[in-house]
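Please open the model in your viewer and keep the sequence beside it.

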Amino acid sequence: MEAIDAYGELARRFEAAPEKEVRALVARALMKKGMTLGALDRDDEAAETYEDILRRFGDDTAPAVSEPVALALFRTGTGLDMRGSKSEAIALYRTLIARFSDHTEQAVRLQAARGAFHLGLTLQG
């Protein structure tokens with residue numbers, strides 16, 4: 001699909017960009033790539049893309065990348081949970097909650113709340 005290639009090309013072309021706005025676009029492009037792959041039932045590739053977001057931006061404190069990082073944590077957690085890796089999913093949900101539950105952006109806090117809900121579901125079994 002052309003969109004997946006376009007998102008990947010953006011991420012490759014600008015991966016070393018120092019500008020926070022460009023880093024935010026790279027993070028968002030990778031998130032869209034992962035979501036598109038997931039919608040096409042290419043779950044392993046989607047998971048790899050979410051893990052790429054976490055590798056690239058997991059320690060980035062720029063507010064503009066917080067939403068893609070939070071969403072990547074959530075989606076990685078749900079993917080692990082669906083594959084039966086409950087303890088890893090629980091750890092990711094807890095990381096998501098601890099890191100983003102007090103964030104100033106509503107969309108980021110929403111991901112933390114979703115993580116808390118899924119944590120409960122996973123613990124319930």
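**First stop: a charged patch**

Select D41, D43, D44, E48 and E51, which form a negative surface patch. The model is a predicted one, and every value on this tour is computed from it.

D41 sits in the loop that runs between α2 (20–39) and α3 (43–57). Is D41 buried or exposed? D41 has a relative accessible area of 66%, and because exposed means over 50%, D41 is classed as exposed.

The backbone of D41 also deserves attention. Most residues other than glycine have a negative phi. D41 is not a glycine, yet its phi is positive, at about 60°.

**Second stop: helix α1 and its charged side chains**

Move to helix α1, residues 2–13, and display the side chains of E9, R12 and R13. Side chains of opposite charge can pair when their charged atoms come close.

Begin with R12 and E9. These two form a salt bridge, and their closest N and O atoms are 3.5 Å apart. R12 and E9 are three residues apart in α1, so about one helical turn separates them. Both are partly exposed: R12 has a relative accessible area of 49%, and E9 has one of 32%.

Which residue forms a salt bridge with R13? The partner is E9, with the closest N and O atoms 2.9 Å apart. E9 and R13 lie four residues apart in helix α1, which is about one turn of the helix. R13 has 59% relative accessibility and therefore counts as exposed.

Select D81 and K86. Their salt bridge brings the closest N and O atoms to 2.6 Å from each other.

Select residues 63–82, which make up helix α4. How far apart are the end C-alpha atoms of this helix? They are 29 Å apart; at 1.5 Å a residue, the 20 residues should span 28 Å, so the two values agree.

Of its 20 residues, 15 are buried, so the helix is largely enclosed by the rest of the structure.

**Fifth stop: residues separated along the chain**

For this stop, use the distance tool between C-alpha atoms.

Select A27, which belongs to helix α2. A27 is buried, its relative accessible area being 0%. Draw a line from A27 to S66: the two are 39 residues apart in sequence, and their C-alpha atoms lie 9.2 Å apart in space.

Select Q106 next, in helix α6 (residues 106–124). Q106 counts as exposed, at 64% relative accessibility. How far is the C-alpha atom of Q106 from that of E67? The separation is 9.5 Å, for two residues that are 39 residues apart along the chain.

With 30% relative accessibility, A107 counts as partly exposed. From A107, draw a line to M82, 25 residues away along the chain; their C-alpha atoms are separated by 24 Å.

**Last stop: A98**

Finally, select A98 in helix α5, residues 86–100. Is A98 buried or exposed? A98 counts as exposed, at 66% relative accessibility. A line drawn from A98 to R114 spans 13 Å between C-alpha atoms, and the two residues are 16 residues apart in sequence.

Definitions and conventions:
Residues are numbered from 1 along each chain as its sequence is written. This is a predicted model: local features need pLDDT of at least 70, side-chain atom pairs count only at pLDDT 80 or more; totals for chains, interfaces and linings use all residues. Side-chain values use heavy atoms; hydrogens and water are left out. Patches are made of residues with over 30% relative accessible area and no salt bridge: like charges are joined within 9 Å, nonpolar side chains (Val, Leu, Ile, Met, Phe, Trp, Tyr) within 5 Å. Accessible areas come from the Shrake-Rupley method with a 1.4 Å probe; for residues, only the protein chains shown count as cover. A salt bridge is a side-chain nitrogen of Lys or Arg within 4 Å of a carboxyl oxygen of Asp or Glu. Lys and Arg count as positive and Asp and Glu as negative; His and the chain ends are not counted. The place of a charge is taken as NZ of Lys, CZ of Arg, CG of Asp or CD of Glu. Helices (H or I, at least four residues) and strands (E, at least two) are DSSP runs, numbered from the N terminus. Buried means under 20% relative accessible area, exposed over 50%, partly exposed in between (1.4 Å probe, protein chains only). The expected span of a helix is 1.5 Å times one less than its number of residues.
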